[in-house]
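Please open the model in your viewer and follow the stops below in order. The tour begins at a single residue and then widens to the chain.

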Amino acid sequence: MYAQFRDVNGLATDVYSATILLDRMAPTAQTLTLNGSAAYLQASTATVVASAFDTLSGIAGYEISLDGNFQTSVETEALSLSPEVDLSFVEGFGASDGLKDLYIEWIDRAGNVSPAMHASIYKDTQTPVASFTINNGAATAYSTAVALNF
């Protein structure tokens, strides 16, 4: 952009110039995995690996959500400006067992936000409980064929 200013008498300033990068493209999210894409989690935390790139203005930050609602984000992190970002961090999933979700959005320096990426893992910290009896609890068996009761 160039600008020059004139007063009412026709006197002009020097020509000033400035450039700006127009960036209307959101960052591209590449990967999101929880515990190396494992199906189950036996702890309260999981290792998150995520990556994204933005070749125009660069990745400026990201937001993490556990419910897909980024208005109540768990974490918003600013990053040093970079066209490509690879992250690895530990995220907590609380005390209860069950399906756990994690969503991430990437933000570029121009403020564009990527579509959310989503990953899930099933948290199961409960040790299985099982018992059985042989022949309804009999102390002896008279055959090699027995009945197992669970």
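**First stop: Asn-112**

Select Asn-112, which counts as buried because its relative accessibility is 17% (buried means under 20% relative accessible area, exposed over 50% and partly exposed in between, with a 1.4 Å probe and protein chains only). The model is predicted: local features need pLDDT of at least 70, side-chain atom pairs count only at pLDDT 80 or more, and totals for chains, interfaces and linings use all residues. Residues are numbered from 1 along each chain as its sequence is written, and side-chain values use heavy atoms, leaving out hydrogens and water.

Asn-112 sits in the loop between β9 (98-108) and β10 (117-123); strands are DSSP runs of E, at least two residues, numbered from the N terminus.

**Around the side chain**

Next, display Asp-23 and Met-25. The side chain of Asn-112 reaches the backbone oxygen of Asp-23 at 2.9 Å, and a polar atom of that side chain lies 3.2 Å from the backbone oxygen of Met-25.

**The chain**

Finally, show the chain as a cartoon, with zero helices and 12 strands. Its C-alpha trace spans about 120 × 25 × 20 Å along the principal axes. Buried residues make up 26% of the 150 residues. Of the contacts between residues at least 6 apart in sequence, 58% join residues at least 24 apart.

Note on methods
Helices (H or I, at least four residues) and strands (E, at least two) are DSSP runs, numbered from the N terminus. Contact means heavy atoms within 4.5 Å. A polar contact is a pair of N or O atoms within 3.5 Å; within protein, one must be able to donate a hydrogen and the other to accept it, and residues adjacent in sequence count only if both atoms are side-chain atoms.
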